[in-house]
Amino acid sequence: MLLINDELKFVCWEAKFLKKPQAFNFNRIEKHQSFYLKEYSKSNVLCFVIVGIDYGRADKRVLIFKWDENMDAIFEKGFSIHLKKLNTLPFNKIEKGAFNFDNIITYEDLVHH
């Protein structure tokens, strides 16, 4: 759960990990994972795909994608984020094994960025 505007919100999520900086293809998400994220997002549940990336010894990052019907649509098309664009997206730094949900990437961020 996440505390948002003094209210606890349930979170449904899937996570992926990249051992090194590289392009991220939404095909890495399984069809059933996308289905459940999309369906839960229709209710009052926050849905995310969380991608951890190891940039090196002291640089671990997390990209958090807010999942909804629009994200599901680009998943269906096999959308890929090239490394050059991936490096420009807002991320959350992993420090002492934890990260915050400060930067959340939306569909609009991906298509209008």
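Guide: Let's start with a cut-off: buried means under 20% relative accessible area, exposed over 50%, and partly exposed in between. Keep in mind that this is a predicted model.

Visitor: Why is Lys 9 called buried?
Guide: Lys 9 has a relative accessible area of 17%, and buried means under 20%, so Lys 9 counts as buried.

Visitor: What makes Glu 7 partly exposed?
Guide: Its relative accessible area is 40%.

Visitor: What about Asp 72 and Lys 38?
Guide: Their side chains also meet in a salt bridge, at 3.8 Å from N to O. Asp 72 sits in helix α2 and Lys 38 in helix α1, 34 residues apart, and the pair links distant parts of the chain. With a relative accessible area of 8%, Asp 72 is buried.

Visitor: Why is the pair of Lys 93 and Asp 59 said to tie parts of the chain together?
Guide: Lys 93 lies in strand β8 and Asp 59 in the loop between β5 and β6, so their bridge joins parts that are 34 residues apart in sequence. The closest N and O atoms are 3.1 Å apart, and the cut-off is 4 Å. Asp 59 counts as buried at 19% relative accessibility, while Lys 93, at 35%, is partly exposed.

Visitor: What makes the buried residues of α1 line one face of the helix?
Guide: The buried ones are Gln 33, Ser 34, Leu 37, Lys 38 and Ser 41. Seen down the axis of α1, they fall within an arc of 125°, so they line one face. Their cover includes β3, β5 and α2.

Visitor: And how do you know that Trp 67 is buried?
Guide: Trp 67 has 1% relative accessibility, and the limit is 20%, so Trp 67 is buried. Trp 67 lies in the loop between β6 and α2. Beyond its neighbours within four places in sequence, its contacts include Ser 34, Leu 37, Lys 38 and Ser 41, along with Asp 72. Trp 67 is also among the residues with the most contacts inside the largest nonpolar core, which has 22 residues.

Methods:
Residues are numbered from 1 along each chain as its sequence is written. This is a predicted model: local features need pLDDT of at least 70, side-chain atom pairs count only at pLDDT 80 or more; totals for chains, interfaces and linings use all residues. Side-chain values use heavy atoms; hydrogens and water are left out. Buried means under 20% relative accessible area, exposed over 50%, partly exposed in between (1.4 Å probe, protein chains only). Helices (H or I, at least four residues) and strands (E, at least two) are DSSP runs, numbered from the N terminus. The arc is that of the directions from the helix axis to the C-beta atoms. Contact means heavy atoms within 4.5 Å. A nonpolar core is a set of buried Ala, Val, Leu, Ile, Met, Phe, Trp, Tyr and Cys residues joined through side-chain atoms within 4.5 Å.
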